[in-house]
Amino acid sequence: MEKNLKYLLVFGTTTLSFIYGLTAPTILIYFTSRVSTEVLAFSNMLSLSVAAAIHNSVNWKNVLQFYRNHFVYIVIIDVIMTFTLYLFSIDFIELRYIGIGLVEAIVANLWKIIMINAINRVISADELTKFNSFSKAYELWAKVLGAGMVLVLDGGFDITTCIVLQGIVHILMGSIDIFVYKKLNLKYE
């Protein structure tokens, strides 16, 4: 894989991690303090069950190829649904947990599976391990920096700003992954 594509992927995941590190404390406190244990348990059960089914579906004949062929649409659907749920779920907490749980279980899991598969097709063995470790290290440091910024900012941002920041970074990550995926797939067409 070209270095510029590696750096672009790392930039995207690092930016995403930083923003989530910066905004997650506010969002978690705001939403979990307003949802019942039953809704949270139901949302988790539903999300985990659907995610398991999605992961199982990759083993079926031609399904992975179908997912690959529709990657751009999968990312666009994920970004639109996630951003919509982020923006309109402040007053509908149950909708947020169930809706985002389903979107993450179905669309986001497909996104990750296909992107990992695309990367695995171009780099492997030690190079893949080095890339994954490099990327993961930057993600983790970005989360640390984001969480540290919450302390510096004396509690971070208000809930609306946090939700908008997460939505914007989700759009950025989707755009980067679509671009990189298209570049990686040129080698297989």
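**Figure 1. The largest nonpolar core of the predicted model.** This core holds 29 residues, and F71, W111 and I119 touch the most other members. A nonpolar core is a set of buried Ala, Val, Leu, Ile, Met, Phe, Trp, Tyr and Cys residues joined through side-chain atoms within 4.5 Å; buried means under 20% relative accessible area, with a 1.4 Å probe and protein chains only. At least two core residues come from each of α1 (3-32), α3 (63-69), α4 (71-88), α5 (93-122), α6 (125-152) and α7 (159-185). Helices are DSSP runs of H or I, at least four residues long, numbered from the N terminus. The largest share, 8 residues, is supplied by α5. The model is predicted: local features need pLDDT of at least 70 and side-chain atom pairs pLDDT 80 or more, while totals for chains, interfaces and linings use all residues. Residues are numbered from 1 along each chain as its sequence is written, and side-chain values use heavy atoms, without hydrogens and water.

**Figure 2. Surroundings of I119.** Neighbours within four places in sequence aside, I119 is in contact (heavy atoms within 4.5 Å) with M1, L9, L128, F131 and L184. Another core, of 14 residues, lies apart from the largest one and includes Y30, V35, L85 and I159.

**Figure 3. Packing of α1 and α5.** The axes, lines fitted to C-alpha atoms over the stretch in contact, come within 16 Å and cross at roughly 165°. The two helices are therefore roughly antiparallel, a term for angles over 145 degrees between N-to-C directions, on a scale from 0 to 180. L9, I27, Y30, F31 and T32 of α1 meet I93, R96, Y97, M115 and I119 of α5. By class, this contact has 8 nonpolar, 1 polar and 1 charged residues.

Conventions. Buried means under 20% relative accessible area, exposed over 50%, partly exposed in between (1.4 Å probe, protein chains only). Angles under 35 degrees count as roughly parallel, over 145 as roughly antiparallel, 65 to 115 as roughly perpendicular and the rest as oblique. Ala, Val, Leu, Ile, Met, Phe, Trp, Tyr, Cys and Pro count as nonpolar, Asp, Glu, Lys and Arg as charged, and the others, Gly among them, as polar.
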